[in-house]
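Biologist: Before we discuss this complex, could you set it out for me, so that each term can be held against its definition?

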Amino acid sequence: MFNICKIAVRNLMRYKRRTLLTGSLVAIGVVFVLVFISVSGSFKNMMIGQITDSFLGHIQIHKKGYVASLDSLPLTMNLNQKALGKVEKAISETPEIEAYSKRIKFGGMFSNFVETTNVRLNGVYPEDEFKTVPLFLSRIKEGEKAIKPGEILVPELLAKGMKVKVGATVVVIATNRDGSVNGKQFKVGGILESVSGPGGRDGYVHIDDAAEILRMDTPEISEIAIRLKGFDKLHSAFDGLKDKLGTVLNKQGKPAFEVHTWEKLSPFYNIARMIDVMTFFIKLMLIAIVLVSIMNVMVTAVYERIREIGTIAAIGTPPGKIVAMFLIEGFSLGLFGAVVGDILGVVVIFILNAAELTFDFGRQKGLILSPSVSLQDILTISIIVIIISVLASLQPAYKASRMNPIDALRHV
Amino acid sequence: MLLNRKDKPMSLITANNLSKTYAKGELKVEALKSLNFEIEPASFISFVGPSGSGKTTLLNLIGCLDKPTSGTLTVDGTDVSSLNTRMAAAFRGREIGFIFQDFNLIPVLTVYENVGYPLLMVQNTPAAERKKRIDALLEAVGMADKKDKYPDQISGGQKQRVAVARALVTNPKLVLADEPTANLDHKTAYMVIDIMKKMKNELGTTFIFSTHDQKIVGEAEIIYSLEDGELTK
């Protein structure tokens, strides 16, 4: 095998310029794919991180049917203490879970004593919330980074529209599940930066304040947001929770709870899917580039070396070894392109990181692009390129091995 | 060590009513017409005749590169017309050496590697044995000092000497040479013929070559004349 490799490499070196050009073409393709994967992956991961770590969490649990009615924030679909106990038991039995936060979600009227508008609010236990969505505190643009009883974190657009600042006094009026209206005065504790996605423009209050305004003796929970120990545990944790809670039935004999991953809750998942589809098509383009360029070179190589093929066939070289010679030529060309492309790709990604490019997404400004590529991606791309290079060499190699030595030796 | 086959008693090649017909559309060309001959081991034989007389076709049949249309051809006891492509390749690699008019050395291999190619790629000979045989043959053809040169760095005569060494390195029973001196000047041609004769005497290898060079023909022990696909002598 070593000798076949030696002959293959020498044959490639025989036409240095052509080998270099083809190898460069493959390498450029690899660089583009790696850079695209790293940039799009960085964007995707950053956005997923922003969404899950800022407000959504990795998984959410609600009473069955709540998500479908999310726009109206129905208080009638909250979890009572008994149901909550079952959910907390399931959570405690799921080792992948790092933290969880119980929320009361409700809609109300927000008044600065001059104007009144609608507001969507979350009543939370601050410590649990901060553990579950660790980027939450970084969203507090102004004011103390805390959710204190008697204070409200106002979404920035609302604050701007209602001209309220930190320290201002506002009133929140809400209707409880029985239809009676109640109001409570709050001090604006902070201004909250908006993030993309549903719930990204909600205000926050302490859960005790939420319970008070909604006249709940004990907090009835609308939503439980869950943070996992690792993002890679998403589906195993989801399956575990679904199995545990799926068996709990309501009085109608139907499942009492619904469990959703962030993918089902955020429209950004569709963008992430689109990025994945685009990445797939970019990989297809790379495959096309490699296929066409390697096949072109190998077909030419066979045509140029017909007499040589005739000679080695005449002196008894088995067809399998002739195939191997050309396949290894294609393999070597692919390997060269992949290795050069990988090195250049990593260098380009390093430069992009050093340049600290920023981008805007929705109302989020100045997000710093930090492209990175995993060893797995590099290996995958390299293996794809090498396999396609070998496949592209198959037909020319087969043709060479099947050549009639007499015709080949006669070739001028 | 290279094997000596001088004492081999049987015919090396036997042709019975050997015919080859090429079909070109509806036109059929009879390249060889019912040839009958026997060739003994350790012979030095020349097939002569004008272009188109069937010399190359006959060498192709003997060399298992082609199959007869009718008749039988036995080489070293094997009916070569019955061999499939893979078996024919293996038979060639084992029993037959080839010398070509245009030398046909592999340009990316050195002289040493060209000579060693059949041992390495066809017979998978162990390295020590390979080295011994290559060195012996390069010495014998006077190319030992050029073993690291590539084909484009040596002359035509030197290339053909390398080709002779390559043909003999597997210790074949038979070497076929199609117009081996056609691209050489007379002096070099005689030198190459001398080397082939020397190898025949030393190794007991049968050499069959086709030529229409009358000066070279005189060097053969047995001369077969071909004309329009028929043996005339």
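**Terms and values**

Modeller: Chain A contains 13 helices and 12 strands, where helices (H or I, at least four residues) and strands (E, at least two) are DSSP runs numbered from the N terminus. This is a predicted model, in which local features need pLDDT of at least 70 and side-chain atom pairs count only at pLDDT 80 or more, while totals for chains, interfaces and linings use all residues. Residues are numbered from 1 along each chain as its sequence is written, and chains are lettered from A and ligands numbered from 1 in the order in which they are written.

Biologist: What makes strand 6 and strand 10 of chain B edge strands?

Modeller: Two strands pair if DSSP finds at least two bridges between them, and strand 6 (96-99) and strand 10 (230-231) of chain B each pair on one side only. They belong to an open sheet of 6 strands with mixed pairing, in the order 6-7-8-3-9-10 (chain B). Strand 6 of chain B is joined to strand 7 (residues 174-178) of chain B by 4 bridges, and the two run parallel; Ile99(B) has Ala177(B) in strand 7 of chain B as its bridge partner.

Biologist: Which residues count towards the contact between chain B and chain A, and of what class are those of chain B?

Modeller: Two residues are in contact if their C-beta atoms, placed from the backbone, lie within 7 Å, and the contact takes 18 residues from chain B and 19 residues from chain A. Helix 2 of chain B gives the most to the side of chain B that touches chain A, with 6 residues. That side has 11 nonpolar, 4 polar and 3 charged residues, where Ala, Val, Leu, Ile, Met, Phe, Trp, Tyr, Cys and Pro count as nonpolar, Asp, Glu, Lys and Arg as charged, and the others, Gly among them, as polar.
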